[in-house]
Number of protein chains: 4
Amino acid sequence: MKNKMEAVVKEKPEYGAVFKKVDIPEIGPEQILIKVESTSICGTDHHIYVWNNWAQNNIKPPHIMGHEVAGKVVKIGNRVKKVQEGDFVSSETHIPCGHCYQCQTSQPHICKNLKILGVHQNGVFAEYAVIEEVDVWKNDPNIPKDLTSIQEPLGNAIETILPGNVGGKDVLITGAGPIGLISIAVARVFGAANILVSEPNKYRRDLALKVGADHVVDPANEDLMRAVDDIFGSKGVDFTAEMSGNPKAIRDGIKAVTAGGIVSLLGLPDQEVSLDLTNDIIFKNIKLIGVTGRKMFSTWHIASNLLKSKRLDLSPIITHKFPLKDFEKGMKLMTENNCGKIILKP
Amino acid sequence: MKNKMEAVVKEKPEYGAVFKKVDIPEIGPEQILIKVESTSICGTDHHIYVWNNWAQNNIKPPHIMGHEVAGKVVKIGNRVKKVQEGDFVSSETHIPCGHCYQCQTSQPHICKNLKILGVHQNGVFAEYAVIEEVDVWKNDPNIPKDLTSIQEPLGNAIETILPGNVGGKDVLITGAGPIGLISIAVARVFGAANILVSEPNKYRRDLALKVGADHVVDPANEDLMRAVDDIFGSKGVDFTAEMSGNPKAIRDGIKAVTAGGIVSLLGLPDQEVSLDLTNDIIFKNIKLIGVTGRKMFSTWHIASNLLKSKRLDLSPIITHKFPLKDFEKGMKLMTENNCGKIILKP
Amino acid sequence: MKNKMEAVVKEKPEYGAVFKKVDIPEIGPEQILIKVESTSICGTDHHIYVWNNWAQNNIKPPHIMGHEVAGKVVKIGNRVKKVQEGDFVSSETHIPCGHCYQCQTSQPHICKNLKILGVHQNGVFAEYAVIEEVDVWKNDPNIPKDLTSIQEPLGNAIETILPGNVGGKDVLITGAGPIGLISIAVARVFGAANILVSEPNKYRRDLALKVGADHVVDPANEDLMRAVDDIFGSKGVDFTAEMSGNPKAIRDGIKAVTAGGIVSLLGLPDQEVSLDLTNDIIFKNIKLIGVTGRKMFSTWHIASNLLKSKRLDLSPIITHKFPLKDFEKGMKLMTENNCGKIILKP
Amino acid sequence: MKNKMEAVVKEKPEYGAVFKKVDIPEIGPEQILIKVESTSICGTDHHIYVWNNWAQNNIKPPHIMGHEVAGKVVKIGNRVKKVQEGDFVSSETHIPCGHCYQCQTSQPHICKNLKILGVHQNGVFAEYAVIEEVDVWKNDPNIPKDLTSIQEPLGNAIETILPGNVGGKDVLITGAGPIGLISIAVARVFGAANILVSEPNKYRRDLALKVGADHVVDPANEDLMRAVDDIFGSKGVDFTAEMSGNPKAIRDGIKAVTAGGIVSLLGLPDQEVSLDLTNDIIFKNIKLIGVTGRKMFSTWHIASNLLKSKRLDLSPIITHKFPLKDFEKGMKLMTENNCGKIILKP
C-alpha cells in the first residue's frame, strides 16, 4: 500500500477547503482503516466548508472533512473482532465514550462525551479513512453501492419519523433539504396517508413530490397554516417532522399539530426560538421530541432492511455524483440548495 | 317506506339460513336505521351459517345474520346527534355497555358486557338494519363504496399489525384468510421489509403474494421453521401476526420470533394451546399481545385514511360480489377457503 | 327543596367576588344536581377572583366560581344512567363536545370544543351545583371526605408525573403550589429515588419537604443549576415536572434533565418562552410533554385507588379549611402563596 | 497474594457440592478478579446443588457455583478501563457475545449466545472470582454491603414489575420466593395500590406481608380466583407478576387480569403450559410479557438508586446469613422454602 492519499482538507480557519495529498492515517488497536468507495455530503460538511459560526467553534484545521461513508476494510486494529479485511462497511458517525450514563444505559448515540467523525476527528472525504470498531456496520450486499453511505442520514430520518407512528396519519414535514427529503420517503414507506411538505426552494419542492409528498407549499410565498387548514381541515395534522431549523417553521409546525399530536425536531435553529408553550404545547397536550443521531444499531437495521428490500427507493434523492476532487461543485450546489443528496467518489 | 324487507335469517338452530321477508325493524332513541348498500361476509357469519359449537352457544334463532355493513341513514332515534338522514355510514360492531371499567377507561372495544352486532342482536344481511349511535361512523366520500363495509375487518388487521412497529422489519403472518390477507396489505403499507406468509390454501397463498407477501409457504407440505431460517437466517422474524387460530401456527409463530420480539394473536383457537413458555416466551423476552376488535374510533380514522388516500388497495382482496339473495354462494366459497373477502349487496 | 342557595359569585368584571343568594339551578336531561359537601380552591379560581387577563378574556359575569367539588346527588336528568339520587360523587371539570376528533379518539380531556366547569359554565362554590353526566365520578366510600374534591388536581399531578416513569429515578419539580405539592407526593409514592424541589415561597418549601421532597431550593436566592449539579452530579435529573409556569423555571428545568430524559410541562407561562432548542432539546434527545386535564377516567381510577388505599397521604397538603362564606380568606392566602390546598365547605 | 482459595464446588454430576481449596483463577485481558465480600443464593444455585434436570443439561463439573456477588477489585486485565483495583463492585451475570442481533440492538441481556456467570463459567461462591468487564458495576458506597449482591435479583424484580405501570393499580403476585418477595417490595415502592400475593409456604406468606403485600392467599388451600374476586371485585387485577413457574399460578394469574391488562412472566415452568388463548388472552386483549435478566445497565441504575436512597428496604427479605463454608445450611433452607434471601460470606 502506498503511504499517501488524496483528501479534502480544511487547511485553514477560513472559507473553503483544498484537495491535496496527505499521509494515509495509522490505526489504533480498536480502529479500522477503510478504502473509501463512496461518500456523501451532509449539511455539516457544508457548514465546515463555508466556515460558519458553529464550524469556527468546533473544527480545528488542518482537518479532513466528511463523515458519510462506505468502503472496504483494508486493515484492522489488533483487538478488532467485528470485521475482517475485505468486508464492505459503513460507519456510524457518533463516537461514544463508553462509560457515561448515556453509554451505560443503551443510549451511546447521545453520549455525554460524544465525538463525531469528520468533526472531532479526521473524516472520510479521502481515499482512506479511519473508523472506530464501535461504529462499524457491515453492508448488506443487496444494497446499491451508491446508497451505502446514505444509511447514516437515512437513520436520522427514521429516528425523526418513527415517533410519529405515521401509518394512516396526516403528516407535515417542514424543510426538504437532503434529510428532509429522505424523511418524506420514509414517512411514505411507513404508510403516512397524507404528506404536506413546506420548503422554500422550488428544486427541492419538486423532489419532495417525486419521493412521496402529496402536497407542497412554498412558505416564503404561501401561508403554511392556511394550507394545513385547506388540506387537513381544522383538525390539523397528527404529526410534524421539523427538518429545517427555521424558527417560523418550528412554530408553525407545532401549531399545525392537532391536540394530542407529536412533533419531532431535527432541524437545528441557530438561535433561541420563542414558543407559546401554554396554548401550543400544554393545552394541546403535545409531545415535542428532540431527535439527534441514530440508535446504535437498531436504527441501522431498519435502514438497511428498507434499502435491501427496495421498499425505500432513495435514488431520486441522489441528484448528483462527482469525483471527490470535484467536491467544490457539490458545495456550490449545497449553497444554492439546488440539490438532493450529493455523492462523492474518490 | 314499506314495512317488510328481505333478509338472511338463521331461522332454526341448525346448519344453513334462509332468505325471507321480515319486518323492517323499529329503532330506539339512540339507534339508527340504515338502508344497507353493502355488506361483507366475516368468518363469524360462516360459523353461524354452518352452526358450529360457538354459534350454538351464542346465537338465538330466529336471527338476522351479518355485521360488516355500509348504508344510508333513513331514520334516527330522537336522541341521536352524530348523524342525519341521508348520511352514508358504516358501523362498529362492538356494542359497549358504557359503564364497566373498560368503558370508563377508553377501552369500550373490550367492554366487559360487550354485545356484538349480528351476534347478540339482529345483523345487517338485510335491506335495512339497526345500528347504535355509539357505533356509527360517517364514511368518507372518497372511499370506493365496495370497501366501506370492509373498514371493520381492516380495523382488526390494523390493530394486529400496529404493535409490531413493522417499518423496516421482518414479519411472519400465519394464516391468509380474509383478515390475514388484509393484514398482509397493512403490514406492507406500514413498511414491513420482508413478509413471509404461511397458509395451506393455494388460492389464498396466491392472493397473499398479490397483496404484498414476499414469500409464501404451505405449512401442510413445507416446514415453516425451515422457511423462516432460509429467509431470515437464525435471527428469525421481528414480529409475527397470528391470524389462523391454528395451534401449530401459534406455536411456530412464537418460535419464529427473535428474542425481544413481538407476537400479535388474532386468530381464535377453538381449544387450549400448549406453549413452552420458558424457552419460547420468558428466556426470549417475547411480548404476546391478544388482539380483538378495534379502538373506537382511533383505528377507524387510520383505516379510513388509508383507504381514502389509496395508500391501501384492498381491491385484490375482494374476490367475489353477489346479490344478497345469493349469500349461499358466498358461504360455500368460505367453506372451501377459495376466496378473499366476499361482498353481498341487497 | 328550597329554591334559593348561597354561592360565591363573580358579579362584575372586576377584582373580587360576592357571597350571595341565587336561584338553585335547573338541570337538563343529561345533567345532575348535587348538594355540594366539599370544594377546594384552584389557581384558576384565584385568577378569576383577582380578574387577571386570562379571566377577563374567558369569564362572563355574573358567574358562580369553583370547579373542584364533591357532593351528594339530589336530582338527575331524565336520561342519566350512571348515578342515582343519594350517590356521593365528584366531577371531572373538562366538559367534552363528544364529536370532535379528540373526543372520537378517546381524548375527550383535550376536546377541541372543550368547556370547563366553573369557567364556561357556572361552578361549584355554592350549596348546589350542576354537573354533567359525562363528568360524574362516584366516590369510593373509603376516601376521606375532605380529599374527594382534591381528586381533580390529583389527576393533574398524576398526568404530569406518569410520563416520567419515576420509579428509582432522579426528579426535579419546579414549583410547589398546590398541584406542585401534590405532584411531589405522587412522585414519591411512585418511587422517585431523589426529589429536588425548586420553590421561592418558604411556606411551600417546608410543605414540600413534608410531602416527600428530599431537597428544596429557593430559586430566588439560590442557583438551581448548581443545586442540581451538587445533588445529581453532572448527569442531571432523569425527569423534570414543571409546575410553575415561570419562564426561568421552564428553561432551567429543561437544562437540568440528562440527555434522553423527559420534561412534563403543566405550569402555564403567561407569555412566550424562548428556548435553546438546539442544545437543550435536540442534541439532548429530550421529550417535552404538555400536560393538561386528566384522562377520563383512567386517571381518576389511579387517583381514587391511591387515596382509598392510603398509599397517598394528601392531608399535609390541605392546610386550611373554611366555611364557603369565608372564601375571601382563602383567596387572600392564595395571593400570598402561604398555603397548600384550601377546602371550602358550604 | 496466595494462590489457593476456598470455594463451593460442584465436583461430580450428582446431588450436593463440596467446600474445598482450588486455584485462584487467572484473568484474561477484559476480565477482572475480585475478592468476594458478599454473595447470595439464587434458585439457580439450588437447582445446581440438587442436580435437577436443568442442571444436568447445563452444568459441567467440576464447577464453582454462585453468581450473585459483590467484592473488591484486586486485579484487572490489561484492557480493562471501567474499574480500578480497590473499587467495590458487583457483577451482572449475563455475559453477552457482543455481535449477535440482540447485542447489536441494545439487548445484550437476551444475547443469542448468552453465557451466564456461575452456569457456563465458574461462579462466585469462593474467596475470589473472575468477572467480565462488560458486566462490572461499581457499587454506590451508600448501599448497605449485605444488599450489594442482591442488586442482581432486584434487577429481575424491577424488570418484572416495570411493564405493569403499577402506580395506583391493583396487582397480583403469584409466588413469594426470593425474587417474588423482592417484587412485592418493588411493586409497593412503585405505588401499587393493592397487592395480593399467592404463595403456598407460610413462612414466605408472612414475609410477603412484611415487605408490602396487602393480602396473602395460600393457593394450596384457598381458591385464588375467589380471593381475587373478593378483593378486587369482578374487574380483577390490572397486572399480574408471575414469579412461581407453577402452571396453575400462570393460568390463574392470567385469568385474574382485567381485559386490557398486563401479565409479566418470570417464573420458569419446567413443562409446557396449556392456555385458553381465545378467552383469556385474545378476547381480553391481554399483553403477556416474558421477563429474563436485567437491562444493562438501565435497570441497575434503578436498582442502585432505590437502595441508596433507602426507598426500598430489602432487609426483611434477607432472612439468613452464613459463612460461605456453611452453604449447605442455606441449601437446606432453600429446599424447605423457609427463607427469603440467604447471604453467604467468604
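**View 1. Strand E17 of chain A meets its counterpart in chain C.** Ile289(A) has Lys287(C) as its bridge partner in E17(C). E17(A) and strand E17 (residues 287–290) of chain C are joined by three bridges and run antiparallel. Strands here are DSSP runs of E with at least two residues, helices are runs of H or I with at least four, and both are numbered from the N terminus. Two strands count as paired if DSSP finds at least two bridges between them. As a reminder, strands of a sheet pair through backbone hydrogen bonds, either parallel or antiparallel.

A note for every view: this is a predicted model, in which local features need pLDDT of at least 70 and side-chain atom pairs count only at pLDDT 80 or more, while totals for chains, interfaces and linings use all residues. Residues are numbered from 1 along each chain as its sequence is written, chains are lettered from A and ligands numbered from 1 in the order in which they are written, and side-chain values use heavy atoms, with hydrogens and water left out.

**View 2. The axis that relates chain A and chain C.**

**View 3. The interface of chain A and chain C.** Here 38 residues of chain A are in contact with 38 residues of chain C, contact meaning heavy atoms within 4.5 Å. The copies meet through the same surface, because 100% of the interface residues of chain A are also interface residues in chain C. About 3300 Å² is buried between the two chains, 57% of it on carbon and sulfur atoms. Glu272(A), Leu277(A) and Ile282(A) supply 18% of the area that chain A buries against chain C, more than any other three residues. Buried area is the accessible area (1.4 Å probe) that two parts lose on being put together, summed over both.

**View 4. A salt bridge between chain A and chain C.** Glu272(A) pairs with Arg251(C) in a salt bridge whose closest N and O atoms are 2.8 Å apart. The rule, a side-chain nitrogen of Lys or Arg within 4 Å of a carboxyl oxygen of Asp or Glu, finds two salt bridges across this interface.

**View 5. Where chain B touches chain A.** In this interface, 21 residues of chain B are in contact with 21 residues of chain A. The buried area is about 1300 Å², and carbon and sulfur atoms give 45% of it. Two salt bridges are found across the interface; one of the salt bridges between these chains joins the side chains of Asp214(A) and Arg311(B), at 2.7 Å from N to O. On the chain B side, helix H6 (178–189), strand E12 (194–198) and helix H11 (298–308) each give two or more residues. H11(B) provides the largest share, four residues.

**View 6. An open sheet in chain B.** Three strands lie in the order E2-E1-E4, with antiparallel pairing. Strand E2 (18–23) and strand E4 (63–64) stand at the edges with a single partner strand each, so one side of each is left without a neighbour in the sheet. Six bridges join strand E1 (residues 4–10) of chain B to E2(B), and Lys4(B) has Asp23(B) as its bridge partner in E2(B).
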